[in-house]
Amino acid sequence: EEEEEEEEDIDEEDEVLEDNLGEFLKDIHLDPDGVESFAFAYSIKHEHAGPISRQHFISGLREQDVDSWESLLTWAKRLRIQLKEPKMYRALYIWMFDYIKEANRKTIAKEYAEHLWSVMLPAVFPLYPKWTEFLDTKYESTVVKRDLWNCLYDFAIEIKDDLTNYDRHSGAWPVVIDEFYDFCAHSDANNNNQQTQEHQQQ
Amino acid sequence: SIRRGARKLWKRSRTMASGSGSGFDFNNAGLTREKAEKIWKDLRAAIVEIQNSNAAELRFEELYRNSYTLVLHKHGDLLYNGVQEVVKENLMRVSDEVNATANPQLLGTIVDKWSGQMGHKLVMTMVQDILMYMDKTYCRLKKKEPVYSMGLLQFRDHVIMRGNVSQRLKVLLLDCIHKERSHENVDRLLLKKCLSMLVDVNVRNTDVYIRVFEDDLLKTTAEFYMHESQMFMSQNTVSDYLKKIERRILEEEDRAATYLDKSTHPKLRKVVQEELITKYAKQLVENKSSGCVHMFENDMVDDLNRMFRLFSKVPRTLEFIRGCMSKLVKDTGTAIVQDPVNLKQPKLFVQKVLDCRKKYDNFVKKAFNEDRIFTRDLKESLEHFINLDSRAAPAQYLSLYLDEMMRKGMKGMSDEEREKLLNDVISIFRYLQDKDVFEDFYKKHLATRLLTENTADRDHEKRMISKLKAECGHQFTSRLEGMFNDIKISAENMVAYRNQRKRDVGVEMNVTVLTTGFWPVSNMERCNLPREAQAAAEEYKAFYASKNSGRRLTWQTHKGTAELQCTFKRGKKLLVVQTYQMVILMLYNKAQRYTYKQILELTNIPEKELRRHLLSLAHPKRRVLKKEPNIKKLTHKDTFTYNHDYNSQLYRVKIPLMQARPETKENKVPPAVAEQRKNWVELVIVRVMKTRKTLDHNSLMSEVMKQTHRFAVKPVFIKKRIESLIEREYIKRDKKDRGVYHYLA
């Protein structure tokens with residue numbers, strides 16, 4: 001019934017607007033600003049960023065066997081749990097590139113990528129702060145290519161914090177990630193120098 | 001000679017006694033001890049006679065029979081031990097004599113006792129002859145030392161090793177060698193005999209020889225040469241030192257061959273080489289005043305050759321010479337490549353590089369016997385400095401050099417000289433890493449030469465092309481041949497054109513039609529041709545279209561020349577100018593003065609080109625136009641006035657064009673070439689992936705590198721191309737393994 005109420009509220013409009021969606025997500029205990037909001041779109045197969053049509057909203061949920069408020073809450077709870085699975089998390093990440101990408105382009109704008117990364121990566125990428133530093137200082141392009149997007153995730157998951165298992169020579173990592181590796185190695189060396197200098201000064 | 005006679009008799013009687021049984025008395029009934037001892041006594045006496053050189057009276061077959069009898073009746077022990085005893089007794093006497101001999105005669109005496117006319121060896125030979133049967137049966141059975149070698153060993157024990165004889169021998173022998181090394185004469189034959197004695201006396205191995213002589217020989221040799229080398233090196237040049245050690249080494253070889261035992265040769269060689277060569281190799285090479293650098297710089301081929309030959313005996317020392325040569329070549333070459341004077345003059349630059357190469361090539365051939373590794377090192381050193389410059393300037397200079405040679409430099413040269421020059425260019429071309437940069441410049445220069453030079457004889461151009469074809473494959477040269485063809489066809493067309501022209505229109509033209517794709521980049525910009533020129537152009541175009549339908553002609557006004565008859569106060573002149581300059585000058589048929597801005601608008605010539613063509617006409621040296629203000633700086637308001645006062649001594653005047661400032665100032669390869677490289681690598685990647693369908697990262701990288709010979713390709717470069725192709729969906733990564741690629745059809 002509550003669901004029907006909601007339907008009536010937005011009867012005039014075919015689109016589920018941002019604010020309403022935000023409120024809706026809060027009501028079912030999903031974080032409207034975080035990963036969970038994207039997971040929602042992913043689950044109901046809302047493939048491209050933008051307003052969700054009412055039709056899609058309803059049919060998307062229905063396909064998930066959601067037909068009542070209780071089942072909605074259950075479903076949302078399950079979604080939160082699923083997000084903890086690495087496979088699901090990764091699939092979501094990979095999917096997000098196409099979600100944010102404009103239809104006639106092959107790449108996504110750097111600032112959008114940065115935003116999405118800030119949502120998705122901190123939980124799984126220990127070197128994420130370094131990555132943002134790298135983006136600010138060394139990454140000159142204004143776009144992010146799909147290959148980099150995809151490979152970055154694997155890098156985050158596979159490579160250790162101290163980068164000791166990174167194969168620069170035959171790892172087949174994208175060139176940008178090689179540059180990130182160099183960036184980390186270089187700044188480590190600088191830090192060591194600084195530390196020894198400070199130590200000496202003491 | 002009595003001795004010899006007795007020996008002959010002895011030998012004859014031996015052969016008579018072997019085998020036959022006539023007169024042989026064999027007692028089968030056993031032999032008592034008493035009887036045996038009697039037989040032995042006789043034998044013993046005979047042996048003593050032999051030892052005293054009275055063998056002539058003895059009868060071989062009797063002695064043989066007696067010893068045979070003893071052995072047969074199981075009295076071998078008696079016989080053997082007895083022989084041992086009697087030999088020993090004799091040797092003790094010999095030993096006393098030897099010990100009593102003074103040093104100066106010791107060697108002579110002992111050798112005489114050993115192998116002299118009445119020497120021990122001979123005695124034992126005879127004794128062995130008698131006791132042959134014992135050797136063959138008893139000794140073998142009881143595993144006792146056969147008689148002859150038993151005798152030798154006894155000489156060892158009782159003569160050489162008794163008293164202090166061996167020590168004295170050692171001292172005397174080494175003393176002789178030292179004397180000889182100090183250039184005194186010694187009795188080599190005596191030495192040889194003495195050393196043979198030491199070897200033979202131990203029968204089965206050279207232990208005695210080694211202990212008494214060889215060990216200390218090697219030690220004293222090392223000391224001797226260590227001392228000598230140090231002294232000599234500190235007071236002499238490297239060159240002289242090498243001469244000296246060459247002599248010493250030959251001396252030692254001679255010594256070894258003449259009187260040392262064969263087993264000593266390699267050991268002695270090693271010691272000598274160690275002390276004379278190995279220890280000092282690095283020092284010799286790196287000696288600041290007379291070492292290798294000095295030798296290279298002063299063309300000391302013989303000395304370097306001597307060093308090479310000597311060092312070749314200890315091959316690993318050769319690396320010092322090689323290292324020195326490589327460094328010198330690289331340093332010299334780097335200086336050439338970085339010298340600003342050379343960088344301004346391509347001809348000088350190339351000449352110096354060629355000279356450097358020739359010089360060291362000569363060393364490798366004459367001093368280093370064309371050694372494979374030296375040849376390789378030289379090649380690498382040349383490659384190193386030739387390719388130091390990331391702009392690939394040497395590639396450009398080589399092409400400029402060739403250009404200058406083709407235009408005028410080869411006038412008056414014989415055919416052989418020209419051939420050599422072309423070969424020199426090719427030889428440097430081989431060292432270039434950025435071959436494609438050279439090719440790019442070469443094509444541009446060749447195109448210009450074909451269009452502007454009137455050389456009817458293009459023979460040397462064609463020869464150069466065939467040489468390049470041999471180096472680069474036919475792909476490179478096929479387009480060049482197309483250029484030649486265009487020239488030929490154009491000439492034929494001109495003949496046909498002139499023939500079919502019925503009327504004599506004002507402008508006479510010579511047209512060359514270039515096939516796009518064969519020639520370097522063409523210019524699509526059009527300027528406003530003057531009416532007369534435009535009319536002539538249209539006429540030719542029509543003619544050409546009638547012969548080749550479906551082809552489009554675009555006039556390349558940035559090239560080409562024109563001859564203008566210009567009227568001045570002092571008379572008419574024929575000015576030979578560039579097309580653009582012709583366009584500019586034709587304006588002055590309508591007015592006397594124009595501003596720069598007006599000229600720009602009226603001619604529609606691209607500004608960059610207009611500047612230099614215009615300023616060339618107003619240049620102080622040949623002011624066909626007067627510029628106001630008369631400074632180099634050009635603004636839109638500046639005016640250009642026809643100079644009626646222009647004069648020249650010649651009627652036909654060629655107006656030179658200011659050089660365009662070179663575009664490549666950055667540390668990069670020319671952009672056209674850089675683009676070509678990208679395309680090439682992508683082409684290879686796609687080709688490989690299409691064939692293999694699936695391939696791992698490392699294999700793909702190595703395939704690309706294998707197939708790229710025209711320039712040095714870096715892994716990062718290839719990686720970027722791979723990513724570009726992924727982006728454009730020619731290939732994709734494997735879902736599970738990032739390092740595996742799949743071809744996308």
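**Close-up views of a predicted two-chain model**

At 10% relative accessibility, B:Glu682 counts as buried, a class that means under 20% relative accessible area, with exposed meaning over 50% and partly exposed in between, for a 1.4 Å probe and protein chains only. The model is predicted, so that local features need pLDDT of at least 70 and side-chain atom pairs count only at pLDDT 80 or more, whereas totals for chains, interfaces and linings use all residues. Residues are numbered from 1 along each chain as its sequence is written, chains are lettered from A and ligands numbered from 1 in the order in which they are written, and side-chain values use heavy atoms, with hydrogens and water left out.

**View 1. The salt bridge of B:Glu682 and B:Arg728.** The closest N and O atoms of B:Glu682 and B:Arg728 are 3.0 Å apart, which meets the definition of a salt bridge as a side-chain nitrogen of Lys or Arg within 4 Å of a carboxyl oxygen of Asp or Glu. The pair links distant parts of the chain, 46 residues apart, with B:Glu682 in helix H30 (residues 671-692) of chain B and B:Arg728 in the loop between helix H32 (715-727) and strand E8 (731-733). Helices (H or I, at least four residues) and strands (E, at least two) are DSSP runs, numbered from the N terminus. B:Arg728 is partly exposed, with a relative accessible area of 37%.

**View 2. B:Arg248 with its partners B:Glu228 and B:Glu251.** B:Arg248 is buried at a relative accessible area of 4%, and its side chain meets that of B:Glu228 in a salt bridge of 2.7 Å, N to O. This pair links distant parts of the chain, B:Arg248 belonging to helix H12 (residues 238-259) and B:Glu228 to helix H11 (residues 207-235) of chain B, 20 residues apart. A salt bridge of 2.6 Å, N to O, also joins B:Arg248 to B:Glu251; these two residues both lie in helix H12 of chain B, 3 residues apart, about one turn of the helix. B:Glu228 is buried, as is B:Arg248, while B:Glu251, at 22% relative accessibility, counts as partly exposed.

**View 3. Helix H22 of chain B, residues 415-431.** At 1.5 Å a residue, the 17 residues of this helix should span 24 Å, and its end C-alpha atoms are 25 Å apart, which agrees; the expected span is 1.5 Å times one less than the number of residues. The buried residues of H22(B) include B:Arg418, B:Asp424, B:Phe429 and B:Tyr431.

**View 4. The contact between chain A and chain B.** The contact, for which heavy atoms must lie within 4.5 Å, takes 17 residues from chain A and 14 residues from chain B. Across this interface the rule finds 4 salt bridges; B:Arg738 forms a salt bridge with A:Glu158, the closest N and O atoms being 3.7 Å apart. Helix H9 (146-158) and helix H10 (175-201) of chain A each supply at least two residues of the side of chain A that touches chain B, and the largest share of that side, 5 residues, comes from H9(A).

View 5. Not counting residues up to four places away in sequence, A:Val144 touches A:Phe97, A:Thr107, A:Ile108, A:Lys110, A:Ala113, A:Trp117, A:Tyr139 and A:Trp149.
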